[in-house]
Amino acid sequence: MKSTRLLKIVAALLILALPLWLRNEYMLHIAISIGIYIMLALSLNTIVGYAGQFALGHAAFYGIGSYVTALLLLNTDLSFWLVLPIAGLVTGLFGFILGSPVIRLRGDYLGIVTLGFGEIIRLIFVNWVDVTRGPMGLPGIRSPELFGYTFTSSADFYYLVLVLVAITVLVIYRVVHSGMGLSLLTVREDEVVAESIGIRPTKYKLIAFTMGALFAGVAGAFYATYISFISPDSFLYTDSVMILAMVVLGGMASVTGSILGAIVLVVTPELLRFASDYRMMLVGLAIVLMMVFKPQGFWGESRRKRNFYGKELADKPQKSAAAVSDSNSAT
Amino acid sequence: MKKMMTLLAAFSLIAGVLTGCGNSSGGSGGDTLKIGLAAPLSGASAQDGQAIKKGAELAVKLANDAGGVNGKKIELVAEDDKTDPKEAAIVANKLATDSSILAVVGHFNSSATLAGAPIYNKNKVVEISPGSSSPAVTDAGPYTFRVITTDAYQGEYVAKWTAEEGFKKVAVIYENTDYGLGLADVYKKAVEANGGQVVAMESYILGQTKDFSPILTKIKQQNPDLLFVGGLYNEAALIAKQSKTLGLNVPFMGVDALYSNALIDLGGDAVEGFMLPGFFNSSSEKENVKAFVKSYEEAYKESPSTYAAYAFDATQILIKAMKEKGADRQSIADYLTTLKGYEGVTGVHDFDENGDVMKEPEKLIVKDGKFQSYTK
């Protein structure tokens, strides 16, 4: 126990001091990208992994957060620290609005509706030229300021994203490991059973959608102020698929899984840059192989017991655990 | 919480591996001068991205065959931005923070250039775009240059040409992207300023609209005497074909992005008489263009596209800057800001104080299945 705590402290220090020993802006940018995608993957995981709602339009929430931030920073004098929660709340509201009508839909149908939602949002970005400047995008978005200090270097943004990721992980971790998380899982496994024991599926699905959208909006807000230029090209259908891939690859319904998925899918294409033209093909191949040989993802459902109760408890009642996993695979 | 620790450890490990890679590739420089290339080598614009890579590679090869710069060989470091602004920011960070990269040719699409521009400018490295014609690139920063004129410049040029030819009622079809929208906007204003009238403005969605007959039927009712296409060659060819089928027999005008053999291959008879300004004309009689076309065909067994030519010019300008002013980042930037009258294969280059290029296009027309110089 002592050695793990020591390792934990060392790892935390390494991450905190990353800009000091990783003296390379490119590497820092990758680290920041990982941070953004951890927020996106985690927020989608609440919808897809925990609530079991197959949503394909996550880039739309990301985009709404970005555009709200960009428009507020460009057209008003509001501070970024005020704009950030506003962007999150507005996006959360959109999540709630989208959630309401699609509650009746399940599985593939829900996938198609959310896909359509993603496209509608993108087309609004493209065509509402008076506000969004259409495909020309919004350049020159202000950087955040804190007590007169303006965020300029990659290290500044690294610490900002680190704080945001920490908040996201903490909130989502607490929520999904609470009674609410169990209710969400119950809704996912069987709505009828959930209703029979007094869990209202509608309520929990809406909570998942709203919370997922809110954190995606926060990620979008950070992206807008970090890159300082946004255009509809950044929030395409392929981005939704990429985020979904992170969730699935990392393991559904697992906080650790989403973090791992985001890291792997951001880092792999960079490691494969030497392959130039064949790069994206190799990434695709890696994903296919991964799914063939480890369909539950890096840190998926098979570890759910451990995720919930810790290693000791999960390993003790060997027989009943096996029985549960049998009944799981049967459903 | 134990898994969190594993995670943190894994994260630091990966980051460590990445630094390792970064250092080794950065340290190998010394005998070579490196130029970065950032283009969409995969994804929706891969065709143009590959053409850009070939054009730049050819320029580097020719320079190396002629002895390089002060006895040093030039090396091209190509990175893929997938036309995605997020990816462009990654590539920009990678190239700009590698101090052995002296300048960058790229990016292709304007949103990628704009996403990369703050990073290049912060690191004070020249990026010279072969394909970003959006007016917004003008204000992108002192280290952002381009060898392609702005949409505004071309729109005004074609509008003037429209007036010279005596067309009064013009219909505009444009693709709904930064490029199409910017172009259509400038063209409309300039036509009206020259005493013409824009009777229809219709947009289509790039890569999705294949049936233009609803738009064309609407336009036909307005009886225009000219149709201006603010888009790319695939759609322009389809528009020309479908308008002939609908009995809308008017002349067409476009901009230099339509200059591609694909326009003629796809459009056939329907694009005969299509008028457009061109900066690069592969059948030109100019000596330097002939030499470029010949060596390009020898190297790649195909004829060069417009963007290959732009990339060729951009790379040659960078190499010239290294030769004349010195092979470091600041010297290249200084040289470009003062460069006037550089004769490239896409025309004579003068950079203004914003890093935009000013060059006079040639008037072209499609005649007998070929692009030819236009004469009244």
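Residues are numbered from 1 along each chain as its sequence is written, and chains are lettered from A, with ligands numbered from 1, in the order in which they are written. Because the model is predicted, local features need pLDDT of at least 70 and side-chain atom pairs count only at pLDDT 80 or more, while totals for chains, interfaces and linings use all residues.

**Stop 1: chain A, whole**

Select chain A. Its secondary structure comes to 16 helices and 4 strands. Helices (H or I, at least four residues) and strands (E, at least two) are DSSP runs, numbered from the N terminus. Of the 331 residues in chain A, 49% are buried. Buried means 20 or more other C-beta atoms within 10 Å of the residue's own; exposed means 12 or fewer; partly exposed lies in between; C-beta atoms are placed from the backbone.

Now look at contacts, meaning residue pairs whose C-beta atoms, placed from the backbone, lie within 7 Å. Take the contacts in chain A with a separation of 6 or more: 77% of them join residues 24 or more positions apart.

**Stop 2: colour chain A by confidence**

Colour by pLDDT, the predictor's confidence in each residue, from 0 to 100. Chain A averages 82, and 89% of the residues score at least 70. Confidence is highest in helix H4(A), residues 58–75, at a mean of 92. It is lowest in helix H16(A), residues 318–330, at 43. Select residues 317–331 of chain A: pLDDT stays under 50 there, and the model has 2 contacts beyond four places in sequence for this stretch. Where pLDDT is low, the predicted coordinates should not be read in detail.

**Stop 3: helix H9 of chain A**

Select residues 179–189 of chain A, helix H9. Which residues of H9(A) are buried? They are A:Gly181, A:Ser183, A:Leu184, A:Val187 and A:Arg188. These residues lie on the same side of H9(A) because they cover an arc of only 160 degrees around the axis. The arc is that of the directions from the helix axis to the C-beta atoms. Turn to the other side of H9(A): A:Gly179 and A:Glu189 are exposed.

Next, show the packing partners.

**Stop 4: where chain B touches chain A**

Show both chains. Here 37 residues of chain B are in contact with 40 residues of chain A. On the chain B side, the elements giving two or more residues are helix H1 (2–27), strand S2 (73–80), helix H3 (85–96), helix H4 (110–122) and helix H6 (178–193). H1(B) supplies the largest share, 13 residues. By class, this side of chain B has 18 nonpolar, 11 polar and 8 charged residues. Ala, Val, Leu, Ile, Met, Phe, Trp, Tyr, Cys and Pro count as nonpolar, Asp, Glu, Lys and Arg as charged, and the others, Gly among them, as polar.

**Stop 5: the domains of chain B**

Colour chain B by domain: domain 1 is 30–149 + 288–358, and domain 2 is 152–278. The bounds come from an automatic or database domain assignment. The C-alpha centres of the two domains of chain B lie 30 Å apart. Between them, 9 residues of domain 1 are in contact with 10 residues of domain 2. The domain 1 side divides into 1 nonpolar, 8 polar and no charged.

**Stop 6: strands of chain B**

Select residues 275–278 of chain B, strand S10. Both faces are covered: B:Met275 and B:Pro277 are buried on one side, B:Leu276 and B:Gly278 on the other. S10(B) pairs with strand S14(B), residues 362–367, in the antiparallel sense over 4 bridges. Strands count as paired if DSSP finds at least two bridges between them. B:Pro277 stands opposite B:Lys363 in S14(B).

Move to the open sheet of 3 strands, ordered S11-S12-S13 in chain B, with antiparallel pairing. S11 (342–344) and S13 (357–358) of chain B stand at the edges, each with a single partner strand, so one side of each has no neighbour in the sheet. S12(B), residues 347–351, pairs with S13(B) over 2 bridges. There B:Phe351 stands opposite B:Val357.

**Stop 7: backbone details in chain B**

Select B:Gly106 and B:His107: the peptide bond from the former to the latter is cis, with omega near -5 degrees. B:His107 is in the loop between strand S3 (101–106) and H4 of chain B.

Go to B:Thr83, in the loop between S2 and H3 of chain B. Its phi is near 60 degrees, a positive value in a residue other than glycine. B:Thr83 counts as buried because it has 22 C-beta neighbours inside 10 Å.

Finish at B:Lys124, in the loop between H4 and strand S4 (126–129) of chain B. B:Lys124 is not a glycine, yet has a positive phi of about 55 degrees. Buried or partly exposed? With 13 C-beta neighbours inside 10 Å, B:Lys124 counts as partly exposed.
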